[in-house]
Amino acid sequence: AAAAEDFPAEIVVVISNRADAGGLEKASASGIPTVTIESKSFGKDRAAFEVVLQASLNQYKVDLICLGGFMRLLTAEFVQRWYGQMLNIHPSLLPSFPGLDPQDQALRAGVKISGATVHFVIPATDAGPIVMQGALAVHDDDTPDTLAQRILEVEHRIYPAALWLVASAQ
């Protein structure tokens, strides 16, 4: 979506904490710079990881962070520094089913509708102001995997739309 001539944002870098992240390969194939900051080497020292992350964000003059598949908690200090400039996508209709395994949570709860949410990141997990949501019906024969795959299609539709809204307002 960002490749469209009229898109109000430009992807300046894709940063991952895992060298095997699929987004790195897609970015490279599109000519977008990539950076890998392996988080495992920092252990539980999230602040030290974030110092290196912030240096990369500064180097590429990032104005807005869009998290996707980033399964590492950020410190409250880092999140506050980026308040209103960091988006996340979560595969549930928040505030329902935050955290890990939301598709399994949804199926165990017996919901008939699920989906995805784009929200601003705040220190509390999956609790920030909602920018956009997309919904779909839960099928009787859905498994966590089949539901996740169908929700991923919703995510691919609403994340660019939400980014468009946020970037247009900045």
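Is Phe97 buried or exposed? In this predicted model, Phe97 has a relative accessibility of 18% and therefore counts as buried, the cut-off for that class being under 20%. The residue belongs to the loop between E4 and H4. Most residues other than glycine have a negative phi, and most peptide bonds are trans.

A positive phi also occurs at Asp101, where the value is about 55° although Asp101 is not a glycine. Asp101 is likewise placed in the loop between E4 and H4. With a relative accessibility of 52%, however, Asp101 counts as exposed, since that class begins over 50%.

The loop that runs between strand E4 (86-90) and helix H4 (102-109) also holds Pro95. The peptide bond joining Leu94 and Pro95 is cis, with omega at about 15°.

When neighbours within four places in sequence are set aside, the contacts of Leu57 are Ile15, Val62, Ile65, Phe78 and Trp82. Pro129 stands 72 residues from Leu57 in sequence, and the C-alpha atoms of the two residues are 23 Å apart in space.

Notes:
Residues are numbered from 1 along each chain as its sequence is written. This is a predicted model: local features need pLDDT of at least 70, side-chain atom pairs count only at pLDDT 80 or more; totals for chains, interfaces and linings use all residues. Side-chain values use heavy atoms; hydrogens and water are left out. Helices (H or I, at least four residues) and strands (E, at least two) are DSSP runs, numbered from the N terminus. Buried means under 20% relative accessible area, exposed over 50%, partly exposed in between (1.4 Å probe, protein chains only). Contact means heavy atoms within 4.5 Å.
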